[in-house]
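Morning, everyone. Please have a look at the fold on the screen, and then I'll walk you through it.

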Amino acid sequence: MARILMLQGYAQNEAVFRKRTAILRKDMEAIGVELVYCAAPHLAPLPEQDQISEAERLKKHQLLKQEEILTGWWVANADRTAYQGYMETIHMLKRFWIEKGPFDGIIGFSQGAALAPLFVTELAFAQTTIDSNVYTLPKFMLLFSGFVPIAVTSLADAPVPEGEVAANSGVLDHWDEGRIPIPSMHVIGAGDAWVLPRDSQALAARFVESTSVVVEHDGGHYIPTSSEMRLRFKEFVTLNLNKQQ
């Protein structure tokens with residue numbers, strides 16, 4: 001069975017993302033594809049927690065039920081010039097990619113859609129895995145409400161795990177428009193107020209045009225479930241799975 005890595009949006013968790021992708025998961029299972037969810041590692045500050053210490057924030061989260069704890073792949077500072085936790089996320093995802101893989105593709109939503117091509121670029125430019133094997137790249141990416149991160153070259157680095165090659169913190173240097181060769185579908189909500197359509201278009205422009213598809217729907221910041229959209233997602237995944245066999 002083909003397998004796809006699922007990358008959640010900011011201020012979600014695995015349970016929330018599973019619920020919001022239930023129809024997509026059913027459709028993928030129907031074509032022989034398993035969705036594998038990876039939980040984001042960093043606590044997403046609640047709005048009222050913006051000005052409190054990390055210790056106080058952790059204490060508040062400890063009072064929450066597991067399904068109420070919301071997470072993200074990184075936490076941006078107030079002016080979005082730096083992302084706390086990005087490198088830690090990359091190291092964690094590399095281990096997940098090796099230990100839980102292989103994966104045929106990646107599906108990302110919002111912050112997860114912004115992370116997906118960054119992660120793949122990190123894989124492409126990493127020298128070796130922890131056990132000295134070459135990283136395999138996904139055959140395709142299906143990205144919902146994605147955007148180009150603006151602060152990835154200004155990072156608070158986590159220590160590199162022993163035995164692993166350091167991630168490439170200058171990853172945006174390889175992000176010239178039209179340079180990412182992974183087949184991709186970019187799903188954009190015309191009414192998305194959280195990630196503006198122009199920001200999702202900017203992400204799509206980073207991919208090789210001949211293998212990139214942009215799909216627009218009339219809704220907002222969510223994964224559309226109309227019969228037309230569902231068919232297009234299945235066709236895209238099926239095409240790229242068959243193409244690579």
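Let's start with helix α4. Ten of its 14 residues are buried, so α4 is largely enclosed by the rest of the structure. Keep in mind that this is a predicted model. Which residues of α4 are buried? They are Tyr86, Met87, Thr89, Ile90, His91, Met92, Leu93, Lys94, Phe96 and Trp97. The helix covers residues 86-99 and reaches 20 Å from its first C-alpha to its last, close to the 20 Å expected.

What does α4 lie across? It lies across β1, β2 and β7, and runs at about 150° to β2.

Now the sheet. It is open, with six strands in the order β2-β1-β7-β8-β10-β11, and the pairing is parallel. β2 and β11 are the edge strands, each pairing on one side only. On average, neighbouring strands are turned by 20° against each other, direction ignored.

Zoom in on one pair. β1 and β2 are joined in the parallel sense over six bridges. Here Met6 stands opposite Tyr37 in β2. Helix α6 also packs on the sheet, touching β8, β10 and β11. Its direction makes about 175° with that of β10.

Next, the cores. The largest nonpolar core has 33 residues. Trp73, Ile106, Leu115 and Met141 have the most contacts inside it. Elements giving it two or more residues are β1, β2, α4, α5 and β8. α5 gives the most, with eight residues. A second, separate core has 23 residues, including Ala2, Leu35, Val215 and Phe236.

Terms used
Residues numbered from 1 in each chain as written. Predicted model: local features only at pLDDT ≥ 70, side-chain atom pairs only at ≥ 80, totals over all residues. Heavy atoms only, no water. Helix = DSSP H or I, 4+ residues; strand = E, 2+ residues; numbered from the N terminus. Expected span 1.5 Å × (residues − 1). Buried < 20%, exposed > 50% of the residue type's maximum accessible area, 1.4 Å probe, protein only. Core = buried A, V, L, I, M, F, W, Y, C linked by side-chain atoms within 4.5 Å. Pairing = 2+ DSSP bridges. Axes fitted to C-alpha atoms, helices over the stretch in contact; angles between N-to-C directions. Contact = heavy atoms within 4.5 Å.
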